[in-house]
Amino acid sequence: MAAGYDPHEIEPRWQRAWAEADLFTARDDSDKPRFYALHMFPYPSGDLHMGHVEAFSLADAVARYTRLRGFEVMNPIGWDSFGLPAENAAIQRGVDPRAWTYANIETHAETMRRLGFAWDWSRRLHTSDPEYYKWTQWLFLQLFEAGWAYRKDALVNWCPTDQTVLANEQVIDGRCERCDSEVTKKSLTQWFLAITEFADRLLDDMSQLESTWPDRVLTLQRNWIGRSEGAEVTFTVDEGGDEVAVYTTRPDTLFGATFFIVAPEHPRARAWAERGGRADEFDEFLRRVQRKTDVERQAAEQDKEGLFLGVHAVNPVNGERLPVYAADYVLMGYGTGAIMCVPAHDQRDLDFARQHDLPVRIVVQPERGPSGSPELDPATLAEAVSGDGVLVNSPGYDGLPWQDAKRRITADLQTRGLGGAAVNYRLRDWLVSRQRAWGPPIPIIYCDGCGVVPVPVEDLPVRLPDDMDFTEGSGSALARHPSFAKVECPRCGGQARRETDTTDTFVDSSWYFLRYCSPHRDDVAFDREAVGRWMPVDQYTGGVEHAILHLLYARFVTKALHDLGHLGFTEPFLRLKSQGMVVSGGAKMSKSRGNVIEPRDVMAQFGADTLRGTMLFAGPIEEDIDWAEVSPAGVAKWLARLCRLVDDHLAQPGESDDATAAGLRRATHRTIADVTADFEAFKYNTAIAKLMTLANDVGDAVRNSGVRGRAVREALEALLVMVSPITPHVAEELWHRLGHDGFVSTATWPEHDPALLVEQTRRIPVQIDGKVRDAMVVAVGADREDAQLQARQLPGVTRHLDGREVVKVVWVPDRLLNFVTRS
């Protein structure tokens with residue numbers, strides 16, 4: 001083999017060798033312990049970007065390291081290939097999204113191969129293949145038969161010009177991104193999955209993940225599920241007698257309610273406005289509110305817009321008539337869509353009350369501290385008071401601590417039939433209907449005689465037509481197709497129609513990890529025996545942006561399939577690691593900013609190993625990487641230096657005695673121990689730094705101490721095995737230069753010798769009056785007298801002690817020596 005370092009010659013040669021040897025295909029019949037390493041599969045939009053490179057470099061390091069530790073590793077790859085971007089591209093170009101999608105997939109795959117990722121390509125899948133979405137449809141039917149897939153009306157973003165439903169990301173400043181028409185809300189019958197039935201289990205089972213998932217991710221999931229304990233309270237609309245249920249976590253503040261708000265979309269809101277003589281104003285108000293997104297409606301900095309409906313709600317604890325408003329900041333998605341408003345103790349209510357000149361009444365007085373607590377003045381209150389305190393202005397409950405009052409008031413309401421204890425969740429059932437064409441068709445048929453009929457499993461997949469028209473028009477290309485919806489009812493044989501909605505692409509990714517276990521089975525979604533061999537996933541990696549929805553949906557589907565008898569476990573991912581983003585100059589990379597760095601350009605200059613190494617050396621993997629602050633040139637120089645070390649070793653025969661080689665051997669085994677610990681903790685940046693130090697130690701030992709032979713080879717072999725998960729091509733090249741026939745990718749991770757970790761000497765600082773004046777190397781365990789005698793020979797100590805009297809010597813064994821002189 002040629003000496004030196006030429007990544008553009010080395011890398012493709014070893015990529016071909018790995019492929020020819022079928023090196024990374026997981027063997028189902030292996031007798032090794034199994035390890036399922038999985039990275040969140042990508043969406044095929046254009047080529048890989050720098051964020052992909054960082055994420056996949058992390059995933060590849062995990063898989064390669066684990067293989068070196070003796071495991072049979074399954075490290076599959078696929079593409080989450082349905083989705084809105086492909087459909088939008090198809091509409092803009094008037095072409096089928098398949099061409100755009102699969103061309104991007106091949107671009108991704110080619111770049112992945114250039115980067116040398118050790119995927120098991122034999123398990124490759126695409127969620128847009130009929131062979132895959134057949135089983136996504138099967139999953140939907142399983143949930144439908146269990147009662148966990150159902151239909152109900154829901155509001156959607158609606159473009160009246162295009163006559164189509166828009167995703168939230170297609171609504172820009174309240175207008176359609178396609179035609180710039182003003183977007184409205186429209187109620188359509190939609191399919192939902194009953195994830196809320198699993199809410200408590202999704203929360204409780206996080207206890208299994210607390211030591212293996214990032215705390216941040218678990219917190220995000222807990223907050224999204226949003227379990228709270230409170231009370232449901234029944235108010236009565238005075239004008240007509242309608243009962244309205246309200247959920248509150250603080251029933252102890254009921255006496256502080258001074259007005260009542262319902263969501264503008266509340267099913268009774270317009271009827272009350274009509275009863276109060278304000279129907280026309282309400283209709284205009286509703287149109288304005290529906291032009292806002294939910295995020296805009298709940299933004300803390302936004303003014304709270306509301307409309308008095310002309311009716312009043314009677315407070316059940318004191319009989320007060322509270323004016324009823326519709327307000328933009330109250331949504332139907334939480335609780336009952338109606339709230340009692342306690343402005344003294346809720347900031348949004350206080351803001352609304354000040355804007356609409358509504359009364360404020362304090363009913364929970366903070367407890368006095370050691371220095372006392374001033375009485376609160378409702379007229380000047382600028383910030384709502386929350387938290388602990390005792391009740392005031394609450395006849396029958398004054399003086400009670402708020403927790404006791406909460407229990408008492410709840411019990412009294414229950415006794416009177418006006419409420420009771422309740423548990424509520426922020427989590428809503430999963431809306432999976434999409435009025436789009438590039439997704440799995442929902443396998444449902446509607447028959448006038450038989451009603452809602454599931455497509456028989458033997459008739460799956462319900463295929464997308466090959467001749468859909470993706471030019472712009474009303475409705476989706478699937479709904480407009482002339483023949484897709486026409487079908488015979490499988491029960492009665494009569495004329496029926498297919499569902500033309502497709503499922504949310506999150507459904508595709510909620511179970512793909514199961515399909516990897518047996519991707520070529522065409523008779524089942526997954527082979528239970530294969531799933532039993534490989535699942536749950538041992539290590540899942542991916543971006544924190546998927547911390548809520550994808551992970552929550554995958555956990556839900558796993559639990560549902562478990563309950564249906566298809567799986568023997570309830571959590572899909574044993575361990576999770578999330579990486580940060582890659583930015584440039586402190587900003588997200590984007591073409592409009594002109595700060596995009598293309599992986600292909602970096603590889604063209606430095607090679608794939610340099611790019612991979614730069615990503616993992618840049619900093620802690622969970623933190624963001626700023627490309628403006630990293631140095632691929634520095635990593636490239638280090639890799640070239642590794643090549644020189646190996647080449648020089650081969651050119652310098654000889655053998656050192658044990659005493660001469662001892663220092664290098666200790667450095668080698670210390671590095672093995674430390675780098676192993678770093679790999680286990682995903683600390684690749686510090687692992688690389690320690691490998692760089694070992695390379696320096698090898699160079700110094702050869703150059704300065706004349707070390708040759710076995711000790712140098714031991715250090716170089718250990719270094720190459722340990723660097724191979726990060727920069728595999730150059731490691732493979734140098735491994736073979738050292739004379740190995742096998743691949744470094746299938747070698748054995750080195751083990752350290754504990755005896756060589758015991759330090760013989762220690763370098764310590766020598767101080768005079770607390771200031772470091774020199775340093776020395778002492779034998780571990782040296783006593784005070786020997787250390788003091790040695791220190792007095794040091795030039796820095798001799799110079800600073802000249803003419804001064806030492807009154808005390810402070811000796812911290814193996815740590816420091818300090819001479820204290822008379823001042």
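This tour visits a sheet and then several salt bridges in a predicted model. Residues are numbered from 1 along each chain as its sequence is written. Local features need pLDDT of at least 70, side-chain atom pairs count only at pLDDT 80 or more, and totals for chains, interfaces and linings use all residues, while side-chain values use heavy atoms, without hydrogens or water.

**The sheet**

Select β5 (residues 149-159) and β9 (residues 184-193), which pair in the antiparallel sense over 10 bridges. Helices (H or I, at least four residues) and strands (E, at least two) are DSSP runs, numbered from the N terminus; two strands pair if DSSP finds at least two bridges between them. Within this pairing, Asn157 has Lys185 in β9 as its bridge partner.

**Salt bridges around Asp60**

The structure holds 52 salt bridges, each a side-chain nitrogen of Lys or Arg within 4 Å of a carboxyl oxygen of Asp or Glu. Select Asp60 and Arg64, whose closest N and O atoms are 2.8 Å apart in a salt bridge. Both residues are buried, that is, under 20% relative accessible area (1.4 Å probe, protein chains only), with exposed over 50% and partly exposed in between.

Finally, select Glu210 and Arg222, which meet in a salt bridge (2.9 Å, N to O).
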